[in-house]
Amino acid sequence: MILKSLGFCGWKKNESSSSKKEYKSVIEELCHQFCMEDIRKATNNFDKKLLLVEESFYFWVYKSCVEYNGTSNYTIAIKRGSPTKKKKMKNEEDSTRSYMVNEIELLCQLRHPNIISLIGFCKENEMIVVYEYMANGSLGDYLFKRKKEPLSWKKRLEICIGVARALHYLHAGAKRTIFHRFIQPNSILLDENMVPKLSNFELSLQGALSTSKPKPITDDIRGTIGYIPLEVLKLGIYTDKCDVYSFGKVLLDVIFGTRDEDLMSKINMLASLHFGERTNEYLEVLKHLPLTLIRPSKLLCSWIPMEEMVDPDLNGKIAPECWDAVMSIAQRCIEYEADERPTMGEVELLLESALSLQQQFHITHSAAAHYTLSSTTYIHMLPSICIHANNIEDMLNHQFPLADIREMTNNFDDDYGIMGKGSFGEMYRGRVRLNGVTDNYYYWIAIKKMDWPSICDSGMQFNFRKEIEKICVIRHPNLVSLLGFCDDDDNDHNHNDDDDDDDDDDDDVDDSVEDDNDDDAKILVSEFIQNGSLLYNLHDSHRIKKALTWKKRLQICIGVAQGLHYLHTASMFHRNIKLTNILLDRAMVPKLSDFGFPWSNPIHAGYYAAPEWCEGHEFTDKCDVYSFGIVLLQVVFTSKLPLIEGESDPILKGKIAPQCWEVFSDITRRCLNLEPNERPTINEVMTQVEHALALQEEADANTSDEYNLLSMTFDDDVLLGRALC
């Protein structure tokens with residue numbers, strides 16, 4: 001219905017308080033006041049057919065038209081307090097009214113292309129707010145409801161940049177600093193040109209003059225669960241960095257973007273890959289949580305790489321450099337410590353740079369290019385600790401206080417930081433900040449909490465500190481670096497007051513196993529390898545990223561052989577070579593893990609174990625060679641054991657040159673010889689796999705056709721596997 005005349009009414013004269021007088025003057029100068037009669041005509045007496053959205057328990061929004069600014073059919077949005085809410089309790093009605101008054105007072109003073117415009121209001125009987133109409137709904141409609149065409153990656157970035165500009169204006173461009181407090185996708189509206197407009201200022205706080213540094217404000221907890229930072233939940237303290245945190249969660253939503261009805265099915269699929277034995281336990285917890293807390297939560301971001309959670313509509317559409325930039329921005333926005341988060345001005349510039357990277361890729365690549373995100377990115381929402389070092393190598397044999405380890409892992413909280421469990425410990429993920437030459441550089445670390453009682457019960461005798469010192473000095477591009485440790489029992493040993501023992505020469509005495517109790521903390525800290533294990537990357541279910549090519553698999557095998565050769569030349573055996581102990585970094589360079597410690601005995605090596613070791617003979621370098629031979633088999637046939645003839649990886653069909661296969665299969669058979677003395681050294685294995693790669697590259701340079709292998713068979717004893725040890 002079209003409203004032909006627009007009434008403008010002054011405030012009632014009996015409003016005498018100073019605050020109301022100030023409010024009156026602001027409203028009269030900057031904002032129209034509608035009469036309720038006109039509002040009812042415009043909405044056909046609040047006809048539910050005109051209801052745009054039953055926005056929340058507190059507010060309903062209607063669509064209508066008025067005569068405004070010389071336009072007879074000016075489309076507007078009219079928000080009123082929820083009729084069902086208003087009838088319940090008087091104090092709730094007053095609260096709703098105060099929220100709307102707060103929004104009116106703020107919006108009538110704000111002018112920005114990315115903030116919704118206030119048209120006017122009505123205060124007769126109930127509070128009504130009138131805004132410009134947003135033809136394309138909210139960002140949440142596109143991300144979670146999918147009632148319209150999916151947003152392109154470029155458009156999502158442009159929307160985020162617009163919102164960042166609005167928040168920058170609120171924090172630093174208006175007369176007084178304003179904390180929005182309600183940043184989430186449904187608060188970001190889109191006009192007919194898909195320009196984003198920030199809305200929902202009911203909960204916003206007005207602070208000090210923007211010319212001064214924003215000051216914290218203590219208030220009741222307000223906002224949307226899942227978008228509220230911890231400092232608010234704990235202390236009720238609001239700063240501009242709270243909005244930054246909420247914006248970071250919106251960035252993750254923009255990437256994740258799964259429809260509400262598809263959310264749990266997607267989580268079920270991802271959980272089955274990453275949660276392991278605890279899948280059902282986590283899913284039971286998740287199904288009772290609100291969607292805003294699940295999407296994307298600490299739990300999901302800590303366990304599941306962001307590349308796997310990308311909106312399917314964006315697969316292959318995000319340039320790798322742009323992806324890395326946006327992930328870095330999101331991580332910085334949701335830092336645990338508020339002071340570590342950037343300002344919205346910084347975020348705005350960084351997002352513009354990320355968009356520029358995406359556009360440059362479009363220029364240099366064809367429009368139909370399909371981008372591959374080869375990295376594995378985890379979002380960390382727990383505290384990091386600061387270490388005074390210029391680079392990671394300066395952390396050699398660093399001793400971490402137990403308090404720092406507990407802080408990084410949320411006191412070893414299984415829900416957020418645990419990566420896996422093994423025979424003698426649990427692995428967690430954490431971060432450190434290096435405050436050296438590169439200011440505040442963040443570095444991911446892996447934290448292994450040892451199950452010390454089990455190790456002690458195993459009967460192994462060794463000195464924990466000496467074993468750590470021995471491994472920390474081992475450095476090779478294809479070995480995971482041990483950075484340091486935590487030995488909570490050290491203080492007891494280092495502060496021994498028994499003077500009679502001071503002169504004892506007991507360096508060689510085991511002072512860890514005998515005296516340890518269940519409360520002793522023995523923790524190893526190593527570099528964190530982003531792209532997971534070789535098992536993970538070979539598994540069909542994990543091929544959201546590009547599958548490993550044959551040449552890449554050969555390169556990985558060469559790298560593993562190089563790392564193993566380094567260990568053997570140092571008179572050290574790995575003792576536990578298997579797919580899960582071969583990790584791939586961001587550049588897909590392989591790194592051997594879990595080596596050199598007395599507790600790394602191949603007790604559970606299974607199919608990887610050399611026959612002579614299973615029969616009770618001494619472990620030698622040739623046992624490692626045998627285990628590596630099983631790995632060579634697995635990169636061709638399947639990641640599962642026992643191997644089954646005919647189940648070669650279909651990805652490799654027609655990709656292996658015959659001359660390459662001849663060399664590769666020969667060295668694999670030799671590695672798996674039942675007689676240890678007949679097996680090659682790992683150096684010879686490395687040389688032969690390098691030769692196989694050279695033959696493959698030579699063949700690929702001379703033909704683009706698929707190859708035809710006459711046979712890919714092995715002896716049954718080799719291929720079908722043996723009984724477990």
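## Salt bridges, cores and strands in a predicted model

Glu612 is a buried residue, with a relative accessible area of 8%. Before we see what it is doing there, keep in mind that this structure is a predicted model.

**Charged pairs**

What does the side chain of Glu612 meet? Its partner in a salt bridge is Arg679, at 2.8 Å from N to O. Arg679 sits in the loop between helix 24 (658-671) and helix 25 (682-702), while Glu612 belongs to helix 22 (residues 611-614), so this pair ties together parts that are 67 residues apart in sequence. Arg679 counts as buried too, at 3% relative accessibility.

How many salt bridges does a search of the whole structure find? The search gives 23. Here are three of them, with their N to O distances:

| Salt bridge | Distance (N to O) |
|---|---|
| Arg679 and Glu612 | 2.8 Å |
| Lys41 and Glu37 | 3.4 Å |
| Arg433 and Glu340 | 3.9 Å |

Take Arg433 and Glu340 next. Arg433 is in strand 17 (residues 425-434) and Glu340 is in the loop between helix 14 and helix 15 (344-364), so the two tie together parts that are 93 residues apart in sequence. Arg433 is buried, at 12% relative accessibility, and Glu340 is partly exposed, with a relative accessible area of 22%.

Where do Lys41 and Glu37 lie? Both are in helix 2 (residues 36-42), four residues apart, which is about one turn of the helix. Lys41 is partly exposed at 41% relative accessible area, and Glu37 is exposed at 52%.

Salt bridges can also join up: Lys79, Glu103 and Glu202 are linked in a network of them.

**Nonpolar cores**

Now for the nonpolar side of the story. The largest nonpolar core has 79 residues, and those with the most contacts inside it are Leu110, Trp153, Leu170, Leu198, Phe247 and Leu351. Which helix gives the most to this core? Helix 6 (residues 153-173) does, with eleven residues. The core draws at least three residues from each of domain 1 (26-133) and domain 2 (140-258 + 295-364).

A second, separate core has 63 residues, among them Phe485, Leu524, Val560 and Met686.

**A closer look at helix 14**

Helix 14 (residues 320-333) has 14 residues and reaches 20 Å from its first C-alpha to its last, close to the 20 Å expected at 1.5 Å a residue. Its buried residues include Trp323, Met327, Ile329 and Cys333.

**Strands side by side**

Finally, look at strand 4 (residues 59-68) and strand 5 (residues 71-81). They pair in the antiparallel sense over nine bridges, and Ser64 has Ile76 in strand 5 as its bridge partner. The two strands form a hairpin with two residues between them, and Asn69 in the turn has a positive phi of about 50°.

Strand 5 also pairs with strand 7 (residues 128-132), in the antiparallel sense over five bridges. Which residue stands opposite Val130 of strand 7? That residue is Ile78.

Definitions and conventions. Residues numbered from 1 in each chain as written. Predicted model: local features only at pLDDT ≥ 70, side-chain atom pairs only at ≥ 80, totals over all residues. Heavy atoms only, no water. Expected span 1.5 Å × (residues − 1). Buried < 20%, exposed > 50% of the residue type's maximum accessible area, 1.4 Å probe, protein only. Salt bridge = Lys/Arg side-chain N within 4 Å of Asp/Glu carboxyl O. Core = buried A, V, L, I, M, F, W, Y, C linked by side-chain atoms within 4.5 Å. Domains from an automatic or database assignment. Pairing = 2+ DSSP bridges.
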